[in-house]
Amino acid sequence: MTPLNTFAGNPLDRAAVERRDSAWLEDRFSEASTRVLPLWRLNLPIHAADPVRLAWGGPDLSEFANPGTRPVLLGLLDGVAHFAINVAALEDPAPVIERLGASEFSDLRQIAQRMSVTDAGMAAQSKAQIDWHARHGFCPNCGERTS
């Protein structure tokens, strides 16, 4: 039997066309049903019971986001928008953990094998996108700020 790639189960529709529409993004982010995953220093908020689950919150978590950053659209699942936000500027992430009712922030490499393939796939995408945006603030060709 071929082993399953732990990160291959991401069910999100990446909304390739819509993600370029800033008004659409703002509308989706303001919906009460929107799910938001805050990443603290590239660690993920989790519920630690087996299986480990991602701890999603709502748009109100944007109060913890790094200054000058925007939520990153991960995609849609059953019509519900899923975003990631970077909260790395927080010295102590305890208020985010408390708001989420989560156990802790954890490194993906430590928990991936104890998560569902769906959560592991969404976690990998979240971490990759937050990391990319944190490290690529400007276009290497023209020097303009990336968005």
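Biologist: How many positive and negative side chains does the protein have, and how far apart do the centres of the two sets lie?

Modeller: The model is a predicted one, and all values are computed from it. Lys and Arg are counted as positive, Asp and Glu as negative. On that basis the protein has 14 positive and 18 negative side chains, and the distance between the centres of the two sets is 5 Å.

Biologist: In what order do the helices and strands run from the N terminus?

Modeller: The protein contains 4 helices and 6 strands. Read from the N terminus, the order of the elements is α-β-β-β-β-β-α-β-α-α.

Biologist: Why can the protein be called as compact as a globular protein of its length?

Modeller: The C-alpha atoms fill a box of roughly 45 × 40 × 30 Å along the principal axes. For 147 residues the globule rule gives 15 Å, and the protein is as compact as a globular protein of that length because its radius of gyration is close to that value, at 15 Å.

Biologist: What percentage of the residues count as buried?

Modeller: The accessible surface comes to about 8400 Å², and carbon and sulfur atoms hold 51% of it. Among contacts with a separation of 6 or more, 67% are between residues 24 or more positions apart. A residue counts as buried under 20% relative accessible area. Of the 147 residues, the buried part is 42%.

Biologist: Which strands stand at the edges of the open sheet of 3 strands?

Modeller: The sheet has the order β3-β2-β6, with antiparallel pairing. An edge strand has a single partner, so one side of it is left without a neighbour in the sheet; the strands in that position are β3 (53-54) and β6 (104-106).

Biologist: Which residues in β6 stand opposite Pro45 and Ile46?

Modeller: Strand β2, residues 44-47, runs antiparallel to β6 and is joined to it by 3 bridges. Ile46 is placed opposite Glu104. For Pro45, the residue opposite is Phe105.

Biologist: What is the bridge partner of His47 in β3?

Modeller: β2 and β3 form a hairpin, with 5 residues between the two strands. Their pairing is antiparallel and extends over 2 bridges. Within β3, the bridge partner of His47 is Arg53.

Biologist: Which residues of β2 point one way, and which the other?

Modeller: In a regular strand, side chains alternate between the two faces of the sheet. β2 shows such a division, and the four residues named here are all buried. Leu44 and Ile46 point one way, while the other way is taken by Pro45 and His47.

Biologist: Where is the cis peptide bond that involves Pro51?

Modeller: Pro51 lies in the loop between β2 and β3. Omega of the bond is about -5°, and the residues it joins are Asp50 and Pro51.

Biologist: What is phi of Arg41, and what is phi of Leu42?

Modeller: Arg41 belongs to the loop between β1 and β2, and Leu42 is found in that loop as well. Arg41 is partly exposed, at a relative accessible area of 41%, and Leu42 is also partly exposed, at 25%. Neither residue is a glycine, yet phi is positive in both: about 55° for Arg41 and near 65° for Leu42.

Biologist: Which residue in β5 is the bridge partner of Arg35?

Modeller: Strand β1, residues 35-39, is mostly covered, as 4 of its 5 residues are buried. β1 and β5 run parallel and are joined by 5 bridges. In β5, the partner of Arg35 is His82.

Biologist: Is Val80 buried or partly exposed?

Modeller: Val80 is found in strand β5, residues 80-86. Leaving aside residues up to four places away in sequence, Val80 touches Ser33, Thr34, Arg35 and Gly75. Buried would require a relative accessible area under 20%. The value for Val80 is 21%, so the residue is partly exposed.

Biologist: How far apart in space are Val80 and Val117?

Modeller: In sequence, Val80 and Val117 are separated by 37 residues. Taken from C-alpha to C-alpha, their distance in space is 19 Å.

How values were computed:
Residues are numbered from 1 along each chain as its sequence is written. This is a predicted model: local features need pLDDT of at least 70, side-chain atom pairs count only at pLDDT 80 or more; totals for chains, interfaces and linings use all residues. Side-chain values use heavy atoms; hydrogens and water are left out. The radius of gyration is taken over C-alpha atoms; the globule rule is 2.2 Å times the number of residues to the power 0.38. Buried means under 20% relative accessible area, exposed over 50%, partly exposed in between (1.4 Å probe, protein chains only). Contact means heavy atoms within 4.5 Å. Accessible areas come from the Shrake-Rupley method with a 1.4 Å probe; for residues, only the protein chains shown count as cover. The place of a charge is taken as NZ of Lys, CZ of Arg, CG of Asp or CD of Glu. Two strands pair if DSSP finds at least two bridges between them.
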